[in-house]
Amino acid sequence: MDQARRIALGAQGFADPPPQGAVDRRHFRRVMHRMSALQLDSVNVFVRSHYLPVFARLGPYNLDRLDDHAYSSGEWFEYWGHVASLLPVETYPMLRYRMEANRPWRSISTLLDEHPGYVDQLLDEIAQHGPLSVSDLADPGGRTGPWWGYGRGKLALEWLFMTGAITTSHRRNFTRYYDLPERVLPDRVLRAEPLSKVDAHREMIRLAARSHGIGTDADLADYFRITLTEARPRIAELLASGELEQVEVAGWSAPAYLDPAARLPRAIHGGTFLSPFDPVVWHRDRAERLFGFHYRIEIYVPKPKRIHGYYVLPFLLDGEIVGRADLKSDRQTSRLLVRGSFVEPNRDPMRVAGAMAEQLATMAGWLGMDEVAVDDNGDLSDALRQAL
């Protein structure tokens, strides 16, 4: 099991040497090569989730520089990879089948029926005046609810995005601006032959194996959200070609599949917090198998029923998940709030608290916070407060 953990963390970049000097595009490229997908999420209670995996692998860096690389380098684009994600442009042909296979969902069908020509009108508007956000549209329509009650403009844009007719040009304060693919993506990518569904799934499994290092069929299928029924024939093909090896991992009930190119680091050193949407933990069953770490995000759990808190980040130390903390950035008071802090069973609280305190101080500086404040909540709070 220890070897499987080290292989998995090594594949994700946690054994790579830290940057010497300022973090730049070379480092961002390395992180994306390791991860293959950087999941996006709108929750900003601490920091937006896609910034955290990069920090976990590189340490402090300039957030604007990452945004610039994501949307101005021509190397990444947004689409549904592992849900909403930033992805290398090289995966665009792999995902074309998803764009072409999209069928109107109910609200889109209703929109197409009730407002004929509206979607084409929006596409023409973007072609003439893009990039545009939903609020820039001449006729965005009104919202029909506080959360997912999208107006017809947002619905139409999401539909055009899903089908590949438009793509994300950039984001400003996380608001998405849409434009035509030919004005955003490199010509070589747009001209590339789309992969068939079967070939795309084979490539997805290949990339998942590279980024996971080792995993079950469920782990590999989950990386780009394909079903086990779709994944298993492709895994069999990669086994036959020698691009995967079947191995056993102690404690795993299912067979494991190893990327033959994956290396086994001698050790994983250092401590860091993981985003809830980091590939190391985004498949919760895998996190439990690899680390003995039971993890459920509790954002949508009513407050009285939460066990650990609202936005809880696992804490990785020397290759093991040893604790967790519920974090919030209080931007008005310039404080990083630790609303709950917890140590995993059979871990040394003082060791965990010391390493966690060091990381909290580093993250506070990274985000421009002046202070770390620890609430009296959780079995690590006293030790953490002392360590700070």
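Modeller: Helices (H or I, at least four residues) and strands (E, at least two) are DSSP runs, numbered from the N terminus. The model is predicted, so to speak of a local feature takes pLDDT of at least 70, and side-chain atom pairs count only at pLDDT 80 or more, while totals for chains, interfaces and linings use all residues. Residues are numbered from 1 along each chain as its sequence is written, and side-chain values use heavy atoms, without hydrogens and water.

The loop between helix 7 (118–129) and helix 8 (152–162) holds proline 131.

Asparagine 173, between strand 4 (167–172) and strand 5 (175–179), has a phi of about 50 degrees. Arginine 225, in the loop from helix 11 (217–223) to helix 12 (228–240), has a phi of about 55 degrees. Its relative accessibility is 43%, which is partly exposed (between the 20% limit for buried and the 50% limit for exposed).

Three strands form an open sheet in the order 1-3-2, with antiparallel pairing; two strands pair if DSSP finds at least two bridges between them. Strand 1 (38–39) and strand 2 (76–81) are the edges, each with a single partner strand, so one side of each has no neighbour in the sheet. Strand 2 and strand 3 (residues 83–88) are joined by six bridges, and tryptophan 80 has alanine 84 in strand 3 as its bridge partner.

Terms used
Buried < 20%, exposed > 50% of the residue type's maximum accessible area, 1.4 Å probe, protein only.
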